[in-house]
Structures are given as structure tokens and as C-alpha cells.
Amino acid sequence: MSSTSSSSMRGLVQFIADLRNARARELEERRINKEMANIRQKFRDSNLSGYQKKKYVCKLLYIYILGWNIDFGHLEAVNLIASNKFTEKQIGYLAISLLLNENHDLINLVLNSIRKDLNDPNELYNCLALHAIANIGGKEMAESLSSDVHRLLISPVSKPFVKKKAALTLLRLYRKYQNCVHEEWADRIVSIMNDPDLGVVTSVTSLVLALAQDNPDLYRQCYGRAVFRLKSILIGRAVEPDYLYYKVPNPWLQVKLLRLLQYYPASDDPDVAAGLVDVLQFILEVAGESLRNVQQSNAQNAVLFEAINLAIHIDVGPVLMDRIVGKLGMFISSRETNLRYLGLDTMAHLAARAEDLSPIRAHQTTVLNSLRDRDISVRRKGLDLLYSMCGYQNAVTIVAELLKYLEVADYAIREDMVIKIAILTEKNATEYKWYIDTILKLISVAGDYVSDEVWQRAVQIVMNNEDLQAYAAHTLLRYLKGPTYYEAMVKIGGYVLGEFGHLIADTQGCTPIEQLLALQDKFGSCSAFTKALLLSTYIKFVNLFPEIKPQLIQVFHSYSRSLDSELQQRACEYLVLASLPTDDLLRTVCDEMPPFPERTSALLSRIHEKQGKGEDRRTWFIGGKSGVSDTEALIEGF
């Protein structure tokens with residue numbers, strides 16, 4: 001059979017299949033419309049029993065789940081909530097959770113019914129109401145019902161399963177509308193962390209974890225309670241069998257408590273501090289045991305990594321820290337992708353906090369190899385760690401490896417790599433030639449992935465350091481004369497040559513006409529923004545190099561009729577300026593730019609913008625000590 005006939009046959013089969021699907025859809029729509037008309041008629045009858053209302057609401061829910069629009073039945077669902085029968089109330093709550101959202105017009109009608117169920121002595125009614133609040137949420141519900149939810153949470157007569165749901169419901173409301181949790185509630189909420197039921201403690205800890213991130217001082221009393229609970233779970237073994245996960249006692253609660261402690265500095269109370277050290281030592285000792293069960297290993301490693309992060313945060317003694325570095329070195333060499341990822345991430349945390357990076361730099365070869373890992377998430381973490389562990393001692397090696405890897409790196413991480421390489425080059429440069437050579441090689445390799453912040457920051461450095469200016473102009477001209485180029489190179493070249501091209505004008509191969517030809521050769525293929533920048537460079541050339549003034553005036557003439565309004569305006573203004581009988585105004589306008597004032601690096605700001613966002617915000621930034629505190633301006637000179 002020929003390919004043409006085979007293609008025709010496939011087309012015919014597809015056509016028949018589409019026809020059948022359309023027919024089935026038409027039949028389904030007919031059946032749905034008939035059923036909805038019947039349900040609408042039933043609802044108009046006022047003598048429907050509660051069972052019948054429940055049955056027809058269920059049918060509407062099924063139709064809604066199939067993807068059909070429901071334009072009636074909402075009020076019937078709201079009426080079911082007020083029923084005294086649990087099954088009818090349950091269907092009513094299910095219906096409003098599916099059919100209503102926080103901005104729906106009927107929300108006001110259900111608020112009183114929900115509040116009534118929250119205050120009902122029946123725990124099952126309480127739970128149904130809490131589910132509905134958590135699923136719908138919104139500002140209106142938060143303002144009206146948060147106090148009732150809080151009352152259920154702190155009530156001494158509430159059952160544990162109600163307290164758990166109340167804590168999670170309050171957390172849900174807080175994430176949508178933070179003002180629903182009042183400051184005076186802090187002590188009562190934290191006190192529930194001492195509840196004998198570990199399920200309640202786990203739920204309340206999730207709530208406190210979110211609250212403490214925004215108001216650490218208000219919930220500071222949670223620190224001692226968290227340490228006490230960790231000590232009782234691990235050392236005291238005060239854990240019910242139901243909360244043992246493959247012999248690991250309640251790993252979810254352990255992780256939450258360890259994370260919570262990272263939002264506070266080390267405690268001044270010697271008993272609390274000693275108890276925490278005992279907990280961390282116990283976790284590290286248990287982690288040394290060989291495990292055969294995958295689930296047990298995963299749970300134990302989750303606790304271990306959070307404990308290591310906490311140990312780094314409170315800066316435990318050197319003995320414990322040496323054990324931590326040794327374990328992290330084993331993890332980053334592991335065969336398991338997850339362990340390599342977590343090991344690199346935790347070691348980046350250590351590098352961001354440690355005063356002495358030499359133990360981490362001992363693993364530099366392994367970290368460099370992680371850039372070629374088969375998993376891109378591991379490659380990202382390896383890049384973060386290299387960024388954090390780079391210093392004067394190893395900057396040349398790390399930056400050279402990053403530049404080499406940049407040529408074959410995934411497109412998804414190239415922009416991030418470019419920013420990190422630019423920052424490392426600036427922070428750790430000991431001589432200006434290496435800085436200029438590295439930045440320009442970065443631009444020539446990365447090309448379109450070089451953001452404006454990179455070349456603009458390089459211009460700032462050159463402008464503020466006289467020793468850089470001539471060498472930078474000479475090196476840029478060499479790149480511009482090459483056959484291949486990227487627009488970022490043209491931008492920085494145009495800016496630097498316009499300011500400092502006269503410093504190399506007497507050098508062989510760098511005459512004014514050669515500088516002009518190198519820029520003009522790239523002019524035609526540049527964007528409008530770059531062309532506008534080059535026109536500004538050319539008017540500077542008119543002031544610096546009168547001998548090439550005729551060629552420059554010709555360029556201004558040609559672009560004075562450009563369709564781009566920005567280019568046309570610049571060309572016309574520069575043409576008038578260059579044609580004045582005297583050069584007094586020209587010299588004033590084209591005077592050398594003053595040094596840039598000290599400012600926070602835009603590159604460093606870009607790095608920090610990507611961190612600290614999310615449900616559990618980080619307490620540290622990658623990039624070593626300079627990245628831990630508020631962003632500081634990078635060096636303006638060497």
C-alpha cells in the first residue's frame with residue numbers, strides 16, 4: 001500500500017472516530033438536559049422529603065463532576081446544611097464545597113448554618129463545618145468564623161480529631177487572609193503543642209510554623225516546647241505505636257519541629273540548649289545505623305537533613321560539625337539521586353553559614369562532577385554549592401569550570417549560571433585583567449542568556465576603576481572585530497568605547513576609524529535599543545575624534561529619516577549638535593561620565609529574589625556569609 005493511500009485510510013478512520021464521539025456527546029447532552037429538566041421540576045414541588053432532596057442534589061453533583069454547567073440547585077444544597085440528619089447535612093456540605101467559591105453570592109446564606117454547626121455539641125457536625133470552611137475559605141469566612149474555629153481548637157472538651165481539623169482549617173484561613181489570626185491567641189495556640197495526642201501536636205505545629213515565619217517574636221515561646229517535644233519523642237520514646245513509621249517515631253512531627261527551631265536563634269536557656277544538642281547527637285547516631293528498608297531510610301534521612309540544617313543554623317561545636325561534613329560528603333557521592341540532591345542543598349546551607357570553608361572545599365572535585373549529573377535538579381544544586389564555596393583561593397578554578405560547562409549546560413539553567421559567574425568574578429577578582437577577560441568570555445559564550453544586569457554591572461565596574469578602562473576598551477574592540485558576536489557585547493562595547501576609546505586611539509589596530517568600523521559592522525543587525533545606544537557612542541566619537549566627523553555625520557543623516565521615532569529623534573538631535581559652528585556645546589554634552597555611586601548589585605538582588613519564596617521560607621541565602629545578611633554592594637574596586 002502506498003503512503004498516500006495509507007494516509008487517506010488513517011484520515012478516514014479518524015473521521016469516523018470523531019463522528020462517533022460527536023454522536024455520543026450529542027446523546028449524552030440530550031440525556032443530561034432531560035434529567036436536569038426532571039430535577040428542576042421536582043425542586044419546584046414543595047412536598048419533597050429530605051431523602052428526595054438529597055438524592056436529586058447528588059444527581060446534580062454527578063452531572064457537575066462530568067463537566068456540565070449547573071445553574072440551579074444551589075439553594076437546595078444550602079437548605080440541606082440546615083437539616084438535623086447527618087446524611088443530608090453531609091451531602092449539603094459536599095455540594096457547597098464543590099459548587100461554591102469564596103466569591104459566590106450565596107456565601108452569606110451559609111455562614112449562619114456553618115456557625116451553628118461549629119457551636120453544636122455533635123463533633124461530626126463540627127468536622128463537616130470545618131471541612132467546608134477549609135475548602136471554600138476566603139476573607140468573608142475568615143472574618144466571620146475564625147473565632148469559632150479558634151474556640152474549637154483551644155477548647156478542653158474538643159475531641160482530638162476536632163482539634164486537628166480546627167488547627168488545619170485555621171492554617172488554611174491564615175494562608176488566605178492573615179488578619180484572621182489575632183495576636184492575643186498566640187499563647188493559647190502554642191500551649192497546645194504540649195497536648196498528649198501527637199496528631200494534634202502535628203497539626204498545631206504546622207499552624208505555628210506558618211505563624212512564626214511572619215511573627216517570630218510573638219511565638220517565641222514555642223522554642224522550648226519544640227525542644228521538649230523532640231526530646232520526649234526521640235530520647236524518651238514517648239510515642240504510641242500508631243505514630244511509628246517503619247520504626248521511626250513520628251518523622252513528620254520531627255521534621256516540622258526541627259524546621260520551626262530554625263526560625264529562631266540559639267536559646268539562652270542552658271537546659272534548652274543542652275537538650276537540643278542531645279537531640280541532634282541522638283539523630284546523628286541513629287543515622288549511622290545501616291538500614292535495609294527503603295521507607296525507613298527515607299523517613300530517617302528526612303529527619304537527619306532537617307537536623308543538620310538546624311545544627312548549621314545554631315552553629316554547634318566543631319566536633320559535631322566535623323561529623324556533619326563527613327556525612328554530607330558521603331551523601332553527595334551517593335548513587336541515589338535524592339540523596340545527592342539533599343546533600344548538595346544542605347552543604348550549600350553549611351557553606352552559607354560557615355566561617356571556614358576548607359572542609360567543604362575538600363569535596364570540590366565531587367561538586368564539580370555534579371554539574372554533569374544526569375538529573376537537572378542535582379546540577380542546579382551543584383551550581384548553588386559552587387557559588388557558595390567559591391572564594392579567592394579557588395575562584396579561578398571554579399569560574400573556569402563553570403565557563404567550560406556553560407557551553408554545554410541546559411538552556412533552563414544558563415541564565416542562572418551567567419548571573420552567578422558574573423557575581424563570583426566580581427567578588428573574587430584579584431587583578432583587573434582576569435575580571436575583564438572572564439566577563440567578556442562569559443558574554444561571548446552565553447550570548448543571548450546574558451541579561452542587561454550583567455553587562456550594565458560590568459560597565460559600572462569599568463567606569464569606577466581607571467586601571468580597567470584602557471584594557472577593557474582594547475579587549476572589547478578585539479571581540480567586536482571578530483566574526484561572531486552577541487548583542488550584549490555590542491552594548492558594552494559601544495558604551496566603553498564611547499567613554500574610553502580615546503585611551504587606545506594611538507595603539508596599532510585601535511585607531512578611531514577602526515573603532516567606528518567595528519561598531520558600524522554590527523549596527524545593521526542590532527535591535528533598536530542597541531542602535532540608539534550606538535548613536536550616542538557616535539556623538540561621543542564626534543567630540544573625541546574630529547578626523548572621522550564626516551563619516552559620523554553621514555550616519556546621522558541616514559537615520560534622521562528612520563521609521564523608529566527614538567532613532568530618528570536621536571539622529572536629528574545629534575546631527576544638529578555635530579553641525580554647530582563651535583564645539584563648546586558638544587564638549588559640554590559629551591563630557592566624560594562621572595563614576596557611578598555605590599549601590600546594591602542588581603545581580604545580587606536577582607539571586608535573592610529567587611529565594612525565600614514559598615510556604616516555608618528559607619532562613620539562609622546561598623552565596624556564603626555575604627549572602628546571609630541583607631544584600632550588600634559588591635566591591636567597586638579590587
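Start with glutamate 499. It is buried, at 6% relative accessibility. Keep in mind that this is a predicted model.

What does glutamate 499 meet in a salt bridge? Its partner is lysine 540, with N to O at 2.7 Å. Lysine 540 counts as buried too, because its relative accessibility is 13%. Look at where the two sit. Lysine 540 is in helix H27 and glutamate 499 is in helix H25, 41 residues apart. So this pair links distant parts of the chain.

Stay with H27 for a moment. The helix runs over residues 528–544. At 1.5 Å a residue, its 17 residues should span 24 Å, and the end C-alpha atoms are 24 Å apart, so the two agree. H27 is mostly covered, with 12 of its 17 residues buried. Among the buried ones are Leu533, Leu534, Leu535, Ile539 and Phe541. Lysine 540 is on that list as well. What covers them? The cover includes helices H23, H25, H26, H28, H29 and H30.

Next, the other salt bridges. The whole structure has 22. Take arginine 115 and aspartate 148, at 3.6 Å, N to O. Arginine 115 is in helix H5 and aspartate 148 in helix H7, 33 residues apart. Are these two buried or exposed? Arginine 115 is partly exposed, at 26%. Aspartate 148 is buried, at 13%.

Now aspartate 384 and lysine 420. Their closest N and O atoms are 3.3 Å apart. Aspartate 384 lies in helix H19 and lysine 420 in helix H21, so the pair ties together parts 36 residues apart in sequence. Aspartate 384 is buried at 12%, and lysine 420 is buried at 2%. This pair also belongs to a network. Shared partners join Asp345, Lys381, Asp384, Asp416 and Lys420.

On to cysteines. How many disulfides? The count is 0. Cysteine 127 shows why for its own case: the closest cysteine sulfur, in cysteine 180, is 19 Å away, too far for a bond. Cysteine 127 is buried, at 7%. Cysteine 572 is partly exposed, at 32%.

Last stop, the surface. Tyr64, Ile65, Leu94 and Leu98 form a nonpolar patch there, with about 360 Å² of accessible area together. Helices H2 and H4 each give two or more residues to the patch. Isoleucine 65 sits in H2, and it counts as exposed at 59% relative accessibility.

That's the tour. Questions, please.

Key. Residues numbered from 1 in each chain as written. Predicted model: local features only at pLDDT ≥ 70, side-chain atom pairs only at ≥ 80, totals over all residues. Heavy atoms only, no water. Patch = residues over 30% accessible without salt bridge, like charges linked within 9 Å, V, L, I, M, F, W, Y side chains within 5 Å. Areas by Shrake-Rupley, 256 points an atom, 1.4 Å probe, with all protein chains shown as cover. Salt bridge = Lys/Arg side-chain N within 4 Å of Asp/Glu carboxyl O. Helix = DSSP H or I, 4+ residues; strand = E, 2+ residues; numbered from the N terminus. Buried < 20%, exposed > 50% of the residue type's maximum accessible area, 1.4 Å probe, protein only. Disulfide = S-S within 2.5 Å. Expected span 1.5 Å × (residues − 1). Contact = heavy atoms within 4.5 Å.
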